[in-house]
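Here is a short report for a reader meeting this structure for the first time. Please look over the sequence and the model before reading on.

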Amino acid sequence: MEYKIKKISSDASFREFYEIKKNSKLTILVKANKHKFKNLIVYAAINEILIKNNIKAPKLVQEYFSNNMMEIENLGSCSFLEYIKNKKNKFNDYKILIELIVKLQKINLKKNIRFKNNIIRIKKFNLLELHKESDLFFDWYLKNNSKKKEFKKNKKKIKKELNVLYKKLYFQEMCFVHRDFHASNIMIKNKQFGLIDSQDAIRGNLLYDVASLIDDIRIKIPKKLKSLLFSYYLSKTSNIKKGKEELIAKNDFDILSVQRNLKILGIFVRLYKRDHKPNYLKYLPYTWQLLDLRLKNPIFINLKGLLDKVVPKKNRKKIRFYDN
């Protein structure tokens, strides 16, 4: 049998990917440089759950966990991001992804799952986890974009307000949450939509993946389309009752979009500073635009005032990187 192997582009994780060609069959070799358990074993386990629930995900072809590697199915090289960015009418394609989220939310994700003699504990997306994620904004973005004497004071004020907002979330710990559901993590092969990068799956709020998709920092879509997609989600889910719960869901959506995009500001600065991946800095201005869009909700009046003072709009196109 003839083998050919070539390295393909890596992602924001501690993984490397290699395309393996065995005669005419293509697979992917995943090598985990760090966090082997999460990046290999948990990833393979979650993929197996998705496949059992008729959701396309990479099948495990062969495991080499002891060598920090595994071989998985190749879902092709066309991401939803590449597929959709030049299409004029995006609504019908995005509808498919909304329906995929609804399908994910029907999965009965247990607290503990067994996979190849491993017990994997699935976390709940609680107050602690919300703060753990948004702390990345403070630890990387704000810390590098503030003078040392101002940083601790500003962090304390913003974190206190975030705590008030997170406690307002209504739809808690209810369903399967992919946790990174965006255009680059959906692959298209033979007109089928497949889901990758699922190792961070968690039980959490219904609106988290919806916010990840609609307010994806990688692709700009009009506000009208955003509203149409949110309404379409409400029309397809049976977990949110008509009327008052729909208004509550919009607040949850806005809070989670803000939480996620604060986290993303921190992650992308970390990718630059720690991992030497400067390409992610180009997304910072649009991430702030998405934050400004959601901060128009009156529930954010205090947070908006704090963020406008701490990071004025004139300073949001690039990061200053103070030497503290």
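## Basis

This is a predicted model, where local features need pLDDT of at least 70, side-chain atom pairs count only at pLDDT 80 or more, and totals for chains, interfaces and linings use all residues. Residues are numbered from 1 along each chain as its sequence is written, and side-chain values use heavy atoms, with hydrogens and water left out.

Helices (H or I, at least four residues) and strands (E, at least two) are DSSP runs, numbered from the N terminus.

## The open sheet

Five strands make an open sheet. Their order is β1-β2-β3-β5-β4, with antiparallel pairing (strands pair if DSSP finds at least two bridges between them). At the edges sit β1 (3–8) and β4 (60–64), each pairing on one side only. On average, neighbouring strands are turned by 20 degrees against each other, direction ignored.

Strands β2 (residues 15–22) and β3 (residues 25–32) are joined by eight bridges. Glu16 has Lys31 in β3 as its bridge partner. Helix α1 (residues 36–52) lies across β2, β3, β4 and β5 (69–73). It runs at about 35 degrees to β5. Such angles run from 0 to 180 degrees between N-to-C directions, with axes fitted to C-alpha atoms, for helices over the stretch in contact (heavy atoms within 4.5 Å).

Helix α3 (residues 91–104) has 14 residues. Buried means under 20% relative accessible area, with a 1.4 Å probe and protein chains only.

Asp93 is also in α3. It is buried, at 8% relative accessible area. Its side chain makes polar contacts (N or O atoms within 3.5 Å, one able to donate a hydrogen and the other to accept it; residues adjacent in sequence count only through side-chain atoms). One joins the side chain of Tyr83 at 2.9 Å. Another joins the side chain of Lys87 at 2.8 Å.

## Gly204

Gly204 lies in strand β11 (residues 202–204). Gly204 counts as buried because its relative accessibility is 0%. Its C-alpha is 5.9 Å from that of Val177, 27 residues apart along the chain.

Terms used: The expected span of a helix is 1.5 Å times one less than its number of residues. Buried means under 20% relative accessible area, exposed over 50%, partly exposed in between (1.4 Å probe, protein chains only).
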